[in-house]
Amino acid sequence: MKFTKMQGCGNDYVYVNGASENIPREKKPEVVRFLSNRNFGVGGDGVIFINPSREADFEMEMYNADGSRAQMCGNGIRCVAKYVYDKGLTDSEQITVVSGGSVKYLHLTVERPEGKPEARGVVTRVRVNMGSPVLEPAGIPVVADGPRVVNEPIYVEEREYRMTCVSMGNPHAVVFAHGVAEMELEKLGPLFEHHVRFPERVNTEFVEILDRQTVFMRVWERGTGETLACGTGCCATAVACVLNGLTDTEITVKLLGGELQIRWDREENMIYMTGPAVTVFEGEVDLCFD
């Protein structure tokens, strides 16, 4: 099977052309766990199959490293855009991609050789309209009594944290704290992920406010663990920052793997995410099915 390893701000996935590689659906979780393994496989935060679609230009079929399905990945969808353009699957610099039943609109920044504006070029950055944030507890989902979960207490190992919950197609709990760089996410992350208040588990963002336009974030992703970046998590963080009065509506999110620019257009109620997409390497791997 042919594959392409790609990353956005260090959030790395194995990408597979679903139109040319025929992997039985029931075998995909097993294949994903093998490919994602950093010791015995290719290595990555998960696997993304790029499929034909009737709803959009392309479908992003995404899996976490543990083989579970995921609905959306902001860094992943930018790399999908780079994949389909760089490989000639589209000539358009404006495309649509559906993932988890939600269609996203992407604008591609194409870099061409100097003095050759007619050259095809390659995609270097992508802006994604990530849609509207979901704040109703049932739509996230999170167990709560009120209409929103904003700066609400949650108790983890008898310690109180304050969280703001947002769905960007997948569930997020944003926790503001000091000393985020020193936090032991390998211990704390799983406790949030499997907390009884999150019936479908949760991605948890631990965020430190640097100024009105800049924050630092680390993230624990359900089914994967700590990753170097999370695009939907950055979007959820921007929403949480505004709801708590901590930042402006356009911010830079600093991550372990790079930076993303996030803007919440309050009038449209749309989140726009802009960031890089990078091809790391390509290869082939033998798959053996029982």
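Predicted model: local features only at pLDDT ≥ 70, side-chain atom pairs only at ≥ 80, totals over all residues.
Local features here require pLDDT of at least 70, side-chain atom pairs count only at pLDDT 80 or more, and totals for chains, interfaces and linings use all residues. Residues are numbered from 1 along each chain as its sequence is written, and side-chain values use heavy atoms, with hydrogens and water left out.

**Exercise 1.** Determine which residues touch the most other members of the largest nonpolar core.

*Solution.* Step 1: a nonpolar core is a set of buried Ala, Val, Leu, Ile, Met, Phe, Trp, Tyr and Cys residues joined through side-chain atoms within 4.5 Å; buried means under 20% relative accessible area (1.4 Å probe, protein chains only). Step 2: the largest such core holds 55 residues, and Y15, L106 and I262 touch the most other members. Step 3: helix α4 (residues 231-243) contributes the most, with 8 residues; a helix is a DSSP run of H or I, at least four residues, and a strand is a run of E, at least two, numbered from the N terminus.

**Exercise 2.** State which residues I262 contacts, leaving aside neighbours within four places in sequence.

*Solution.* Step 1: contact means heavy atoms within 4.5 Å. Step 2: the partners of I262 include C234, C235 and A238.

**Exercise 3.** Classify the core that lies apart from the largest one by its number of residues.

*Solution.* This other core has 20 residues, among them V156, A173, V180 and V202.

Methods
Buried < 20%, exposed > 50% of the residue type's maximum accessible area, 1.4 Å probe, protein only.
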